[in-house]
Amino acid sequence: MDFDWEPVFLTLKLASVTTLILLLVGTPIAWWLARTRHWSKQPVAALVALPLVLPPTVLGFYLLLLLGPNGPVGQLTDSLGLGTLPFTFPGLVVASVIYSLPFVVQPLHNAFEALGDRMLEVASTLRASPLDRFFSVALPLARPGFLTASVLGFAHTVGEFGVVLMIGGNIPGETKVLSVALYDHVETLNYEQAHLLSGGMLAFAFVVVLTLYLVNGRLNGRLNRGGRR
Amino acid sequence: MSPVESHGTDPLPIELQFRTAFGDFNLDVELQLPARGITALFGHSGSGKTSLLRCIAGLEQVDGRLSVNGQCWQDAGQFLPVHQRPLAYVFQEASLFPHLSVRRNLEYGYRRIDPASRKIEFSQAVEWLGLEPLLERSPDTLSGGERQRVAIGRALLTSPELLLMDEPLSALDLKSKREILPYLEQLHEKLSIPVLYVTHALDEVARLADHLVVLEKGRALASGALTETLARLDLPIRQDEDAGVVINATIAEKDSDWHLARAEFDGGSIWVKDSGLALGKAVRLRVLARDVSLAQQPHHDQSIQNLLPAQVREIVSNDHPAVVLVRAEAGADTAVTATSLLARLTARSAAAMQLAPGSPVWLQIKSVAVLE
């Protein structure tokens, strides 16, 4: 039987790139949310959490307008010679980053908040500058949070459908990711392919979540035993 | 460990002034503290002693000024961030980094200072604190006392010009306290930098401090040499169960038959248990007010052997109306400088003896602690 691997690879590529960008973008946002006492903390936190409650199609619709040839971002990218983003792989990445943002920021935010002030104060009395404290103390202590954030961000991107359909369409090799391919197979009554994709996803999801629980249980145990004294 | 050298001239005192409100708590302190030795910041919980220490460290940014050994760390126009202040801070809980081994914890600050300004070498700190067997361990496998030893080593390895300690013993059990105390006592000889030591335990003050600051409700009620300040009757410490004086004395005579040694001080001497004290050795004696009684005649027909002639200087009532505290000076009429002792007695005894400032009395001292 001929199995079409292309959507699978495309999905993995999309999820990897998205997760990488999210860790880079989400870390400073989470750090700021955990440390700030500024009035804008709650509004920003709400904005970040918005994709959790918003129907993906709504998000996709607005992104389509925003990034499209008549949208402000679309006109900007067009004038820069980048063309417009909808129905391209980079467009999918942008949409996925926004869509999966809360899944990365919230675990990081929680991990940073759980650190408390003490360890950072100790580091400051040992001559570590703010940036130094962040890399030498906050990051390593928040490791379980980073693991959770990466896995959730990756898995959530793999599973997206509504946003992809709105902004990516169904272009093989460019925007036809796993969930869209699955939908196609079912539409065309190609149940055999649909079974393969779905069964693979089910196994993948279970393995990912199980690994996360096992690794985090071990990490937390080690950090907590030595931690708070 | 070699002592931290000062820069040729005598170090300048620490000058500080802070005024701020933390919620409904006001801190308003202006002090000049000695540039050498251990200064105890003593007060009950809520007195503001830890807040003051945090202000000095720069962990709290409040209005005020601070200069250490002539260097301005904070005034109206500037605020040196914590990591740029050449200080070390030992917290109440050891607060070791859980993700680093003991060795990496010790190296954390050591690596972050300019190698040319290192005055304490890694191996010296490890040897002094006996940390060699712990180096490759993880902090979570250490006992409370071991953790605090590592924390002290980690702090000292930054070669600080000021050492701040926030109740380093209070989170420890008795056994761990006994393990750490000798190291704190040695800080005097090991370091020539000032140490600010926050505590609410008078026995730690008596053991360790040279200078005493008494804080209450965010204000400094007193700041002075330990022996003088402890003998003052106008401070809240007089109400403490452990109220008493510390006397600096020297071993002047030994009675090997009875295993006793005579500790001599300005205005008198006291026989103490001889635990191998060398002649001429300087010791600290701690005499609690509750262990001193007064008599009008020297009674030799009783068990108390330490009798000192003295003159009453002050009588104040205590928190309970039945109790008074008496300050009397031993050797007031003979010695050039007399030594004050405190006695706790009932108001009825004081009235029956017709005690008043100037009354001659005999101090009967039931027990003395020798702090080496």
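Strands pair here if DSSP finds at least two bridges between them; strands (E, at least two residues) and helices (H or I, at least four) are DSSP runs numbered from the N terminus.

**Source of the model.** I record that the model is predicted, that local features need pLDDT of at least 70 and side-chain atom pairs pLDDT 80 or more, and that totals for chains, interfaces and linings use all residues. Residues are numbered from 1 along each chain as its sequence is written, and chains are lettered from A and ligands numbered from 1 in the order in which they are written.

**One strand pair.** I then examined β11 (244-255) and β12 (260-265) of chain B, which run antiparallel and are joined by 5 bridges. B:Thr250 stands opposite B:Glu264 of β12(B).

**Contact between chains.** I find 18 residues from chain A and 24 residues from chain B in the contact (C-beta atoms, placed from the backbone, within 7 Å). On the side of chain A that touches chain B, α6 (118-125), α7 (130-141) and α11 (191-227) each supply at least two residues. α6(A) gives the most, with 6 residues.

**Helix α2(A).** I noted a bend of about 30 degrees at A:Leu47, taken between axes fitted to the seven residues ending there and the seven starting there. A proline, A:Pro51, follows within four residues.

Key:
Contact = placed C-beta atoms within 7 Å.
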